[in-house]
Amino acid sequence: MTRGARIVLGRCVAALPTMLVVAFAAFALLSAAPGDAVDAYLAQTGGDAGFAAELRERFGLSASWPARLAAFLGNLLRLDLGVSVLFGRPVAAVIGERLPNTLLLMAATALVAAGLGGLLGLLAGARPGGVRDAVLTTAALAMLAVPNFWLALMLILIFVVGLGWFPIGGIRTIGGPPAGGPVLDTLRHLVLPALALGIGYVAMFMRTLRAGMAEAWRADHVRAAHARGIRRRDVVWRAVARPALIPVVVLFGQHVGTLVGGSVVVETVFAVPGMGRLAYEAVIGRDPLLLVGVLLTATLVVLLSNMLVDLALARLDPRIGAADG
Amino acid sequence: MADGIVGATLRRPEGGFGAAMLLLAAALALAAPLLAPGDPLAMVGRPLLAPLVDPALPLGTDRLGRSIAAGLVHGAQASLVTGLAVAVTALCVGAACGAVAGYLGGIVDEMLMRVADAAQTVPSFLLALALVSVIGPSPAGVVVALSAGSWTATARMVRAEVMSLRGRAFVEASRLVGRPPLAIAFRVVLPNALAPAIALAAVIVAGAILSESALAFLGLSDPNRASWGAMIAEGRSVLRTAPHVVVAPGVALFVTVLGVSRLGEGLRKALAGRAT
């Protein structure tokens, strides 16, 4: 078996109990939520208590809780998440429509964080202890403390209201030709949300890369390279920055969940029709099935991202996944 | 010992800065009834008054003519109380789970750790959103919802500490004199594992303050209490004409979270300095 296949298999086995616990929790949430599918149905059609009891019988809602749990888990296995009261359509279909926008936003955020955070980390770590390092390290502390929904509003105030550089929200231009082609148009819409969502990650990436580089500077092989008279810039890139990248990738894997959580407020501020805003709509519109669907999908996204991170790490470090087997 | 840690924390620049910021926020929160008597949600002036115009309303008013300064000091209560309550809850639940899992081991450990895995995998803000929508956005409901996703790090750390302490001689001695396993876990092992867990508290408080404000921003907070997140949400519709309504509570939030995280960093370094 190849290393890649072994990593994928290992992650899948580890993910099974996690998904099972989350599914139990989802069932408990649905049971605890006030009102059920029949209440929601009757709110639209009307009907008396006898009709409600008949409907509960037909929907399988009058059964005992182990039977309902079994039915719920069975439906999950068939990827049936129920019907959204809010949209009048299957939950899975609504989420499937919204998920690509959130994934796009997450990818843009990862790019911003890796690009900007990497650049700043490189600048700070090239001369640890220097003035530039001190300024950037202080800036990183500030970036970690900014609430992202507030930053989103400040970015709108500066770049939309003040300078007029970017559109105020949405994911593409509606009711007109996309400015500069569809790709550029979407990118322009993504800049501010990605910046608002990614600011904390910029700081985290920067700090991790800087810490790794500061440590690498003290390593023997780096000092040897320095002593041999190799240009400082080449040493920075080849011997100091590359090994420091591994913890940065690990860090990203650890914070995918925070990214998904942050997308709720950022997508709400920027009116991005993604899964995060869908969670908000489900809460406000009292649609527990939809909310639980988002929760389960988000968990799956986190688990899949962790698997991708493992595969990326295996490429960066040949020792990973090669030990046993 | 405790005195030494407090002193060592405050002597560090980050610890002193963090403590000063936090003391300022706490003093404002405690003095809120004196500084801004009455209901902070009551209308006290002309709507959308600019800051620094009326000395009685130093930070101006919002869309409904409510004093922003009054909202800030009363909102500090909500932020700090929620942050501390979440940290206490998460630390207690996490330490208890970690101690039990680490000391008993076996199937109990396995089950608790699988639950911790799940709680760590589910995006914690989504979990909080779902829980608040079921429990309701009361202050206690928000604390429970935010704690649900923040106990796992403590549990893992305490579990690891307990496992490494379990085989030590003084624990063996307790077992030999016949104390029951749970009593040993809580009375003997846990106090020794607590120091690093306390440094985690600052991270939890900072995260909880941010998440509480984000929930309030989305409209999931007690509507009868002032909250910075709710103030920001309120000011959103007048962002263009009266940005001070949004800027003021955001700066307060930023300074508080920065203070908490700096104090935590100071504490972490002080603890690390003691260990070496």
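Predicted model: local features only at pLDDT ≥ 70, side-chain atom pairs only at ≥ 80, totals over all residues.
## The interface of chain B and chain A

In this model, 35 residues of chain B are in contact with 37 residues of chain A. Together the two chains bury about 3200 Å², and 85% of that area lies on carbon and sulfur atoms. Three residues, Thr121(B), Leu126(B) and Leu218(B), supply 18% of the area that chain B buries against chain A, which is more than any other three residues.

Polar pairs across the interface can also be counted. The rule finds zero salt bridges between chain B and chain A, and it finds two residue pairs in polar contact, both at pLDDT 80 or more. On the side of chain B that touches chain A, the elements giving two or more residues are α5, α6 (124-135), α10 and α12 (244-275) of chain B. Of these, α12(B) gives the largest share, nine residues.

## A nonpolar patch on chain B

Chain B also carries a nonpolar surface patch of about 570 Å². Leu104(B), Ile107(B), Val108(B), Met111(B), Leu182(B) and Phe186(B) make up this patch. Two elements of chain B give two or more residues to the patch: α5 (106-121) and α10 (181-217). The largest share, three residues, comes from α5(B).

## Leu104(B)

Terms used. Residues numbered from 1 in each chain as written. Chains lettered and ligands numbered in written order. Heavy atoms only, no water. Patch = residues over 30% accessible without salt bridge, like charges linked within 9 Å, V, L, I, M, F, W, Y side chains within 5 Å. Areas by Shrake-Rupley, 256 points an atom, 1.4 Å probe, with all protein chains shown as cover. Salt bridge = Lys/Arg side-chain N within 4 Å of Asp/Glu carboxyl O. Helix = DSSP H or I, 4+ residues; strand = E, 2+ residues; numbered from the N terminus. Contact = heavy atoms within 4.5 Å. Buried area = accessible area lost by both parts, 1.4 Å probe. Polar contact = N/O pair within 3.5 Å; in protein donor to acceptor, adjacent residues only side chain to side chain.
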